[in-house]
Amino acid sequence: MNQLLEQPILGLDTKFPENLIVLQQDESQRFGCYCHDGIHGLACFSNEGSALEFADSNDLSNMLCRLVTFDEAREIAKNRPLPVVAIILLDRLDNPQVHFIR
């Protein structure tokens, strides 16, 4: 039996910026990730200031900011091993925006 969802699935109605900042470690090609409510995702930001603030507060000072398109961020996240299943816009840590990629 088909059922209607009373609330949309998290991430389907979220508008992400066309360009995003991700944190990447040059030597190892690792990316900054974040876990929100048990959902692991690639940490993304709409501006470099938010990214640097996040890096400083999470001991990720060895990572560099990299500008990518929304589609590139999705591909980076898809290439991360599980449990990464999303990209997470972290401009507001009190209200992260989740977009599922798998």
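Which residue in S3 is the bridge partner of Ile 21? The partner is Phe 45.

## Basis of the model

This is a predicted model, in which local features need pLDDT of at least 70, side-chain atom pairs count only at pLDDT 80 or more, and totals for chains, interfaces and linings use all residues. Residues are numbered from 1 along each chain as its sequence is written, and side-chain values use heavy atoms, with hydrogens and water left out.

## Overall layout

The protein has 2 helices and 6 strands. Their order along the sequence is β-β-β-α-β-α-β-β. Helices (H or I, at least four residues) and strands (E, at least two) are DSSP runs, numbered from the N terminus.

The chain has 102 residues, and 38% of them count as buried. Buried means under 20% relative accessible area, exposed means over 50%, and partly exposed lies in between (1.4 Å probe, protein chains only). The accessible surface comes to about 6,600 Å². Carbon and sulfur atoms hold 49% of that surface. Areas come from the Shrake-Rupley method with a 1.4 Å probe; for residues, only the protein chains shown count as cover.

Contacts are heavy atoms within 4.5 Å. Among contacts with a separation of 6 or more, 65% link residues 24 or more positions apart.

Strand S1 covers residues 19-24. Because 5 of its 6 residues are buried, S1 is largely enclosed by the rest of the structure.

S1 runs antiparallel to strand S4 (residues 64-69), with 6 bridges joining them. Two strands pair if DSSP finds at least two bridges between them. S1 also pairs with strand S3 (residues 39-45), again antiparallel, over 2 bridges. Val 22 shows both pairings: it stands opposite Arg 66 in S4 and opposite Cys 44 in S3.

## Strand S3 and its partners

S3 has 6 of its 7 residues buried, so it too is largely enclosed by the rest of the structure. Strand S2 (residues 33-36) pairs with S3 in the antiparallel sense over 4 bridges. Cys 33 has Leu 42 of S3 as its bridge partner. The hairpin of S2 and S3 has 2 residues between the strands, and Asp 37 there takes a positive phi near 50°.

The pairing of S3 with S5 is parallel and spans 5 bridges.

## Helix H1

Helix H1 spans residues 48-57, and its buried residues are Ser 50, Ala 51, Phe 54 and Ala 55. They cover an arc of only 135° around the axis, which puts them on the same side of H1. The arc is that of the directions from the helix axis to the C-beta atoms. These buried residues pack against S1, S2, S3 and S4. The face turned away from the buried side carries the exposed residues Glu 53, Asp 56 and Ser 57.

At the start of H1, a side-chain oxygen of Asn 47 reaches to within 3.2 Å of the backbone nitrogen of Gly 49. Just after H1, Asp 59 takes a positive phi of about 55°.

## Helix H2

Helix H2 covers residues 70-78, with Phe 70, Ala 73, Ile 76 and Ala 77 buried. Seen down the axis, these buried residues fall within an arc of 120°, so they line one face of H2. They pack against S1, S3, S4, strand S5 (84-89) and strand S6 (97-100).

How values were computed:
Polar contact = N/O pair within 3.5 Å; in protein donor to acceptor, adjacent residues only side chain to side chain.
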